[in-house]
Amino acid sequence: MNENERKVVVRRMLLLIAVACIIMGLYTFRLIFLQLVNGDSFKAKATNTTDYKFTVTAARGNIVDSTGKRIATTSTGYNVVLNKLQMGDQDLDTMLQQIVELLRKNDEKWLDTLLISEPDAAGNYTFTDSADSTSDQKTLADMKETLGLQQYATANDVMEMLVEKNHLESFSLPWQRVLAGIHYEMDRQAFSNVNNFVMAENVSQVTVATIKEHSLTLPGVEIVETSTRSYEQGDILPAVLGRVGKITAEKWKVTDENGQVTYPLKEKGYNMNDVIGISGLESVYEDELRGKDGVETITRNSDGVIVDTKITTVPEPGHTVQLTINSDFQRAVDKALANNIDMINRVYNTGDMKAAAGAAVVLDVKDGSVLAAANYPSFDQNLYATNYSEYSADPSLPLFNRALQGLYTPGSTFKPAVAVAALDSGLINQYSTVNCTGVYTYYKDYHPRCTRHGHSGNIDVVTAIKWSCNIFFYDVGRRLTSDVYDAYAYKLGLGQRTGVEVNEAVGRLTKKTDKNYTSSLDIQAAIGQGNTVVSPIQLATYAATLANNGVRYRTHFVKAILDTNTGEVLSETQPEVMDVIEGNGNTFALVRQGMTLVPSTISGKISSYPIAIACKTGTPQRSETYASGKHYLNAMMIAYLPADDPEIAIGITVEYGGYGARTGDLVVDIANAYFAMKDGTLEVDPYVDPRTVVQEDAAAADTAAQTAPDAANDAQTDAAAAEPQQTTAPVGVTEEENNDAMLAQ
């Protein structure tokens, strides 16, 4: 073989080797791709397994007070859950009957939202919806539409369709109703291989044990640990905290005006049976409190056998919402308000009409944070569900959040706003006077009065505030006009939103555009009557703004958002200035001077309190009368203290409380509790969950009834011996507050 032939052979051999290497490389690369990159996928195909993913609900975040004490928290509960994957060939309806019997045995309820009654003796059904419930009406309409029925379909028509759809013809009528209700709930929860069905919630430990005992005969029936909302301090701000509840049909399926159907909560990652905040802070801070759900993956082979179960995404608890409220101080203010109302009824309102309701709000002057927001009467979160009918039927409206939603005529508490407007606008100065003769005669046909209690003759602004002189504010208000003093009152915080995170009533000021406006309405509104209505939290905000020399902060309940696991502060509410009245010279100094003198005109603890208090009382008329020309009165108060370096501001209203001065002792009680809280000596009765004492109280009542059968008769005899009367003048209280009541004379 010559040299050329040898070179040709070598080249061919090298080419063959190169081609072989390329082919081997391609096979190697393909093998790597199949085994490493897509190995799990091909392994699953090889073994013919399927992964199913289920939601693991995250724990809801806590709501705590300013010191970290838990108010609303998450506790462990147990649900009875059906997992379709694990049921195998078991007959579903037979299994449902077994579960129902076990639940009945332990007095448990299962989920049943089907608005249809049990069958009567003739086998007929009726709808159980509430005629005034839009939610019920929409649920019925959606149900009929889903079943393909006309909206005029009867309950019998619906049941017939449900029985036929779910093949329940072989069961008795009572069982048809039970099973139809469960199947209806299954459809609502979209029960499937990838979506479990929650059949019963928050079952007892006895039921947990019972279900586990029957696990061999109930494949796919599981006890699933879940988190439920509970309230370690159910008496703290129940109306502000709000509630959580199951997602309603209206929120789940939303139909717009064009008939377009959307599922906004589903798009946000919720399931149909999830719990969501539906009111108050629970709703406002839903995104923070909700947390991030985890994922459980169940792997099943071709034979239907579960070969693997694991948590593939660990759930993350929601964040903690920390409030500005100190729960001990809140409870002290609640008690003080209740005691003040009780005192008014015992000492003054001895007739048929009693002071039965009120509110008191306390703010931190420095940043607008709410330190307490008391309502009387109130309710306990832990009894809301069981006592709802009783609460809602109570004429004193314990569910009504008077502190934020109640609107009241402010009476003389409005006068400092008029004084600020008059001084700042230059209409008057510290030397300006108005001659108080007891009757305002500017109008020919309208002559409102003033008691002239403690004053008469030429009155300056400081004296007018101190003694609440109507004539001074009639005249100044007329000259200012409501356009001017309304603008100042608005900037001070009245007749507008305070900025709190939850719903609040806006109220209103008297305006020239009002349908009933007359020129004389300007002088009525100048002493806090007219059409003006404000809320207690607005009064507290207004008092804080006066204390801050015209700087108004946003009022707020939330102090910070915390990491639930570590306690780390994720975000903190900063003081936010909403408005400022610069003040002309000594505008606020004069108004504050007058308010500091008011306690000296009120008998009781406030006049001798060792720390100076600035306040202004109000006694606005109510529309109801108890005699000719005699109107029932509300008791109103604004205050801040210490007067020389304010720390807290207070807004108070007591319905049918009479004269505003009657709340003076309440201001002192709040002040005492505040300073005790600051130095760590505040002592209050610990919270007791009322659910734990219901049975004890019932047993005690039975014992008392047996040992003292005549007690009720004795009480009736005592009541009959006391002759009801309406006290029209206060005992031990100055007459200055008659000024508001004499408006119409």
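I'll start at the cap of helix 13. Asn326 sits at the N-terminal end of that helix and caps it, with a side-chain oxygen 2.9 Å from the backbone nitrogen of Asp328. Keep in mind throughout that this is a predicted model. Helix 13 itself covers residues 327-347, which is 21 residues. From first C-alpha to last, helix 13 reaches 30 Å, close to the 30 Å expected at 1.5 Å a residue.

Next, helix packing. Two packed helices are described by the angle between their axes and the distance between the axes. I have two pairs to show.

Which residues of helix 5 meet helix 6? They are Met159, Leu162, Val163 and Lys165, and on the helix 6 side the partners are Gln176, Arg177, Ala180 and Asp187.

The crossing is left-handed. Helix 16 contributes Lys415, Val418, Ala419, Ala421, Ala422 and Ser425, which meet Asn470, Phe473, Val476 and Leu480 of helix 18. The residues of this contact divide into seven nonpolar, two polar and one charged. As a reminder when you look at those lists, an α-helix has 3.6 residues a turn, so residues three or four places apart point the same way.

Last, the backbone. Most residues other than glycine have a negative phi, and most peptide bonds are trans.

Where is Asn202? Asn202 lies in the loop between strand 4 (197-200) and helix 7 (205-213). Its phi is near 50°, a positive value in a residue other than glycine.

Then the cis peptide bonds. One runs from Tyr376 to Pro377, with omega near -5°. Pro377 is in the loop that lies between strand 14 (370-376) and helix 14 (388-393). Another joins Leu641 and Pro642, where omega is about -15°. The loop holding Pro642 is between strand 24 (635-641) and strand 25 (648-655).

That is what I have for today.

Methods: Residues numbered from 1 in each chain as written. Predicted model: local features only at pLDDT ≥ 70, side-chain atom pairs only at ≥ 80, totals over all residues. Heavy atoms only, no water. Helix = DSSP H or I, 4+ residues; strand = E, 2+ residues; numbered from the N terminus. Expected span 1.5 Å × (residues − 1). Polar contact = N/O pair within 3.5 Å; in protein donor to acceptor, adjacent residues only side chain to side chain. Left-handed = near helix turned anticlockwise from the far one by under 90°. Contact = heavy atoms within 4.5 Å. Nonpolar A, V, L, I, M, F, W, Y, C, P; charged D, E, K, R; others polar.
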